[in-house]
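Biologist: Could you take me through this model, giving the cut-offs behind each term as it comes up?

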Amino acid sequence: MGYRYLLMRSVIEDANFRDSAHSWFIQAVDVAAYMLYQQLTPSSFMRRKAGQNYFNRLDPIICKVASPRTGGVVRL
C-alpha cells in the first residue's frame with residue numbers, strides 16, 4: 001500500500017460529537033491529542049519506550065500560525 005503527499009483541500013465530515021470508532025478522522029485527532037498529552041506528562045510506559053517524543057514527529061505538518069511560540073499548540 002502506498003501514499004501520496006497531497007494538500008488537503010476540504011474536510012469530508014461535519015464537525016460533531018461522535019464515537020471515534022465510527023470515524024478515521026476522529027481517531028487520528030484522538031491519537032494526536034493523546035500524544036500531546038503524553039509529551040506534557042508522560043506515563044511510565046511512555047518514558048520507558050521514549051513515546052513522549054512521538055508528537056515531535058508531527059512537526060512538519062503542524063500549522064503553527066495560531067500559536068508559533070508553542071509549536072502551533074493553542075493552550076487555553
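This is a predicted model: local features need pLDDT of at least 70, side-chain atom pairs count only at pLDDT 80 or more; totals for chains, interfaces and linings use all residues.

Biologist: Leaving aside neighbours within four places in sequence, which residues is Gln39 in contact with?

Modeller: The C-alpha atoms of Gln39 and Tyr54 are separated by 7.8 Å, although the two residues are 15 apart along the chain. At the level of contact, meaning heavy atoms within 4.5 Å, and with neighbours within four places in sequence left aside, the partners of Gln39 are Gln52, Phe55 and Asn56.

Biologist: Is Gln39 buried, or is it partly exposed?

Modeller: Buried means under 20% relative accessible area and exposed over 50%, with partly exposed in between, using a 1.4 Å probe and protein chains only. Gln39 has a relative accessibility of 29%, so it counts as partly exposed.

Biologist: Where is Ala50 found, and what is its phi?

Modeller: Ala50 is found in the segment after helix 2, which covers residues 44-49, and at 42% relative accessibility it counts as partly exposed. Ala50 and Gln39 are eleven residues apart in sequence, and their C-alpha atoms are 9.7 Å apart in space. Although Ala50 is not a glycine, its phi is positive, at about 60°.

Biologist: How far apart in space are Tyr34 and Phe55, C-alpha to C-alpha?

Modeller: Tyr34 lies in helix 1, which runs over residues 24-40, and is partly exposed, with a relative accessible area of 42%. Tyr34 and Phe55 are 21 residues apart in sequence, and their C-alpha to C-alpha distance is 9.0 Å.

Biologist: Which residues make up the largest nonpolar core?

Modeller: Buried residues make up 14% of the 76 residues in the chain, and a nonpolar core is a set of buried Ala, Val, Leu, Ile, Met, Phe, Trp, Tyr and Cys residues joined through side-chain atoms within 4.5 Å. Beyond its neighbours within four places in sequence, Leu36 is in contact with Phe55 and Val73. The largest nonpolar core has five residues in all, namely Met35, Leu36, Met46, Phe55 and Val73.

Biologist: How much space lies in the largest pocket?

Modeller: On a 1 Å grid over the protein atoms alone, a pocket is an open set of points where a 1.4 Å probe fits, with protein on both sides within 12 Å along at least five of seven lines, and lining residues have an atom within 4 Å of a point. The lining has 23 residues, of which Met8, Phe25, Ala28, Leu58 and Ile61 lie nearest the centre of the pocket. With volume taken as the space filled by probe spheres set on the points, which are joined across faces, edges and corners, the largest pocket holds about 930 Å³.

Technical notes. Residues are numbered from 1 along each chain as its sequence is written. Side-chain values use heavy atoms; hydrogens and water are left out. Helices (H or I, at least four residues) and strands (E, at least two) are DSSP runs, numbered from the N terminus.
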